[in-house]
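Biologist: I have not looked at this one before. Can you take me through it?
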Amino acid sequence: MLKRLLDYNEGEEFDLILMLKSSQLRQDKKGRHYLLLQLADSSGTIRGNYWNATQEDASRFSAGTVVALSGMIEEYRDHDQIKIFSMHPVGADEKVDMSQFVQTGPEAPSDMKQEIQAFVDRIDNQTWSDLVTYLLKKWDKRFFAYPAGKSNHHAFKGGLAFHTLTMLRDADGISRNYPEVNQSLLFAGCILHDMGKVLELSGPVATQYTTEGNLIGHLVLIDEQLVLAAHDLGIAPDSEDLLLLRHMVLSHHGRYEYGSPKLPALLEAELLHRIDDLDAAVNAISNELKGTKPGSFTPPMMAQDGKRYYRPKKDENLDRFNK
């Protein structure tokens, strides 16, 4: 079996075809310019620096570029990184299987679809059930293939559905513990809250923000989809059931500074925001710990207010997560 990027150990040299997931032209304290790169194949992503970079290099090696790279895995501050010997873009005339750069989620799409449908079946409000069913059917292929983000969390093929499913599992436990929570509304909100990303993002390969994503964003995009679906289903625009569900998706970022046009004003909306934040944080921290050597800390995580997290020397759960 051919070795992939994350199969190589420290000190091993390799020649691989990789994709640049991100590329930023930076300058160090000595004034030297370099490209800070995130290089990936289907096994995962590792950082690398391309030194003495020019503005022309930044254009040649932009995010989404497929490159032929010769390098070596080395340790830097308790993390693996790539020491780049040589790198050049793969020509447009060279046939490349783009699937080799796409990371996939831990659960099969068919299994996720079945379990999400089981949650839909538990939504006992007809309006919410009809809207969720309609939009799941409309965006079925994208919903179960797209990532939940470009790079921050659940940034892998099927990540959107997996993020949705793990949130539903959390919501199920919380609503069982607090009977005052409207379980149907919470389930519907979990399923729909990020569905606008099927329009905001370009897809699972070399994920970028679409024009709609940059100009409008997924919160407003899914609200628009809800309004269009309600029209098609004959649901009155002033229906309270519709308004409650629209509020769920529009307020799920929780704070104005996080891009939320409304603050949560329902118990279920507050829970949706917190469950979403919890699941994103667990996924991001776990992925950072995955690339951290036992007995050391992660780098500062900007999405977690610059905090660093320790990976214990012995952690059976994290070891299983890495496999």
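Predicted model: local features only at pLDDT ≥ 70, side-chain atom pairs only at ≥ 80, totals over all residues.

Biologist: Start with the barrel, then. How many strands close into it, and in what order?

Modeller: Five strands close into the barrel, and the order is 1-2-3-5-4. The pairing is mixed. From one strand to the next, the twist averages 50°.

Biologist: What holds strands of a sheet together in general?

Modeller: Strands of a sheet pair through backbone hydrogen bonds, and the pairing can be parallel or antiparallel.

Biologist: OK, take strand 1 and strand 2. How many bridges join them?

Modeller: Eight bridges, and the two strands run antiparallel. One of the facing pairs is Met19 with Ala40 in strand 2.

Biologist: And the turn there? Which residue in that hairpin takes a positive phi?

Modeller: Gly31 does, with phi near 85°. The hairpin of strand 1 and strand 2 has five residues between the strands.

Biologist: Next along. How do strand 2 and strand 3 pair, parallel or antiparallel?

Modeller: Antiparallel, over eight bridges. Strand 2 covers residues 33-41 and strand 3 covers residues 44-51. Asp41 stands opposite Gly44 in strand 3, and Gln38 has Arg47 of strand 3 as its bridge partner.

Biologist: Which residues lie nearest its centre?

Modeller: Lys21, Pro204, Val205, Ala206 and Thr207 lie nearest the centre of the largest cavity, out of 20 residues that line it. Strand 1 gives the most to this lining, with three residues.

Biologist: What is that lining like by class?

Modeller: The lining of the largest cavity has 12 nonpolar residues, five polar and three charged.

Biologist: And the second largest pocket, what lines that?

Modeller: The second largest pocket is lined by Leu2, Lys3, Arg4, Asp15, Leu16, Ile17, Asp41, Ser42 and Gln100. About 160 Å³ of space lies in this pocket. Strand 1 supplies the largest share of the lining, three residues. By class, the lining has three nonpolar, two polar and four charged residues. Asp41, which stands opposite Gly44 in strand 3, is among the lining residues.

Biologist: Now single residues. Where is Thr166, and is it buried or exposed?

Modeller: Thr166 lies in helix 5, residues 159-177. Thr166 counts as buried because its relative accessible area is 12%, and the cut-off for buried is under 20%.

Biologist: What does the side chain of Thr166 contact?

Modeller: The side chain of Thr166 makes a polar contact of 2.9 Å with the side chain of Asp279.

Biologist: Which residues other than glycine have a positive phi?

Modeller: Asn52 is one, with phi near 55°. Asp305 is another, with phi near 60°.

Biologist: Where do those two sit?

Modeller: Asn52 is in the loop between strand 3 and helix 1 (55-60). Asp305 is in the loop between strand 6 (296-297) and strand 7 (310-311).

Biologist: Buried or exposed?

Modeller: Asn52 is exposed, with a relative accessible area of 61%. Asp305 is exposed as well, at 72%.

Biologist: Last one, Glu224. Where does it lie, and how far is it from Ser184 in space?

Modeller: Glu224 lies in helix 9, residues 218-233. Glu224 is partly exposed, with a relative accessible area of 42%. C-alpha to C-alpha, Glu224 and Ser184 are 21 Å apart in space, and they are 40 residues apart in sequence.

Notes
Residues numbered from 1 in each chain as written. Heavy atoms only, no water. Pairing = 2+ DSSP bridges. Helix = DSSP H or I, 4+ residues; strand = E, 2+ residues; numbered from the N terminus. Axes fitted to C-alpha atoms, helices over the stretch in contact; angles between N-to-C directions. 1 Å grid on protein atoms, 1.4 Å probe; cavity = no way out; pocket = protein on both sides within 12 Å on 5 of 7 lines; lining within 4 Å. Nonpolar A, V, L, I, M, F, W, Y, C, P; charged D, E, K, R; others polar. Points joined across faces, edges and corners; volume = space filled by probe spheres on them. Buried < 20%, exposed > 50% of the residue type's maximum accessible area, 1.4 Å probe, protein only. Polar contact = N/O pair within 3.5 Å; in protein donor to acceptor, adjacent residues only side chain to side chain.
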